[in-house]
Amino acid sequence: MPACRIERLVPAIAVSEGAGVTVHRTIGTPALRNLDPFLMLDHFNSDDPDAYIAGFPSHPHRGFVTVTYMLNGHMLHQDSMGNRGDLRAGGAQWMKAASGIIHSEMPQQSDGLMRGFQLWINLPAREKMSDPDYQEISPEGIPMHTSAGIEVRIIAGEYQGIRGPVNDPNTQALYFDIALTKGRTFSTAVNPNMRGFVYVFEGAAALDTQTLPQHQLAIVDGGDSLTMTAPDQDARCILVMGLPLGEPIVQYGPFVMNTRAEIEIAMHDFQIGKLVQKKAQFAEK
Ligand code: MN
């Protein structure tokens, strides 16, 4: 089995979300509607004190999971399940919207910076109307593997025998934050049935002799290993892979179901105030 290669590069586009907040989106754009099992990738990145102040006030989700990973700054969160959280830099939030949640996400800067990612992972049909759930992971809860010039923070999946705290059983998704010192090489085994991407957010890396520029999504196709280098400068990226669900995807904004009829039900439920059907059991951390 060959090593993973880059299928193509998708540049980020600026999208206005929430109360006029600009995010850099790659998955979930006209150039890449989705990348089964992933539905959306937003990169928020600002040193402008006013850029994120309006945040993402109260809004709904149904049919999928969101994973938010903060690099700098923090995010105040509140939802219809009764959860309140303050997602800190280096921490993550896993939220299974499933049958429906309404929440607000209000980013805050620290030391003039606010950076992070939000990834949407699809749920299979059998789980779309299941109960919502939520987990906030502190920065200390994300393990890091360090070896000469390579730092790997493991948010989900397993690397060098270390397992990350986020578990998505349907897609077995892996989610690594990889920092490479110039001249170093990162390698990992990969399930060849998975697909996913690399997104470089500092410096520039290379995979299979192809340069991965900053702020572009590099779609990775099947192989049983993945090797990345930082030939010219230090680089930092996220590597995310998962098993495709192979089901029809019908999306209308924050609702992602399998059929148009299910989307109409979601919109109707939201209009009549019945989107939120179940409160989750909130696990105190
Ligand atoms: Mn949201």
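**Reading the model**

Tutor: Begin with D269, which is buried because its relative accessible area is 11%. Buried means under 20% relative accessible area, exposed means over 50%, and partly exposed is what falls in between (1.4 Å probe, protein chains only).

Student: What should I know about the values themselves?

Tutor: This is a predicted model, in which local features need pLDDT of at least 70 and side-chain atom pairs count only at pLDDT 80 or more, while totals for chains, interfaces and linings use all residues. Residues are numbered from 1 along each chain as its sequence is written, and side-chain values use heavy atoms, with hydrogens and water left out.

Student: Which residue forms a salt bridge with D269?

Tutor: Side chains of opposite charge can pair when their charged atoms come close. The rule is a side-chain nitrogen of Lys or Arg within 4 Å of a carboxyl oxygen of Asp or Glu. Here the partner of D269 is R62, and the closest N and O atoms are 3.1 Å apart. The pair links distant parts of the chain, since R62 is in the loop between β5 and β6 (64-72) and D269 is in helix α1 (residues 260-271), 207 residues apart. R62 counts as buried because its relative accessibility is 1%.

Student: How many salt bridges does the rule count?

Tutor: The count comes to ten. One of them joins the side chains of K96 and E127, at 2.9 Å from N to O.

Student: Is E202 buried or partly exposed?

Tutor: E202 is partly exposed, because its relative accessible area is 30%. Its side chain meets that of R115 in a salt bridge of 2.9 Å, N to O. R115 belongs to strand β11 and E202 to strand β19 (residues 195-203), so this pair too links distant parts of the chain, 87 residues apart. R115 counts as buried, with 13% relative accessibility. There is also a network of salt bridges, which links E17, R25 and D42.

Student: What is the order of the strands in the open sheet of seven?

Tutor: Two strands pair if DSSP finds at least two bridges between them. The order is β2-β3-β4-β11-β6-β9-β12, with antiparallel pairing. β2 (13-17) and β12 (133-137) stand at the edges with a single partner strand each, so one side of each is left without a neighbour in the sheet. β2 and strand β3 (residues 21-25) pair over five bridges in the antiparallel sense. Within that pairing, E17 has V21 of β3 as its bridge partner.

Student: Which residues form the covered face of strand β23?

Tutor: In β23 (residues 225-229), L226 and M228 make up the covered face, whereas S225, T227 and T229 make up the uncovered one. Strand β18 (residues 185-189) runs antiparallel to β23 and is joined to it by five bridges; S187 has T227 as its bridge partner in β23. Strand β20 (residues 205-207) is also antiparallel to β23, with two bridges, and L207 has M228 as its bridge partner there.

Student: Which residues coordinate the manganese ion?

Tutor: Donors are N, O and S atoms within 2.8 Å of the metal (3.2 Å for Na, K and Ca); water is not among the atoms, so sites may look incomplete. The manganese ion is coordinated by H59 (NE2), H61 (NE2), H103 (NE2) and E105 (OE), at 2.1 to 2.3 Å. In sequence these donor residues are spaced H-x1-H-x41-H-x1-E. H59 lies in strand β5 (residues 56-61) and H103 in strand β10 (residues 101-108), so the pair ties together parts that are 44 residues apart in sequence. H59 counts as buried at 17% relative accessibility, and H103 counts as buried at 1%.

How values were computed. Helix = DSSP H or I, 4+ residues; strand = E, 2+ residues; numbered from the N terminus.
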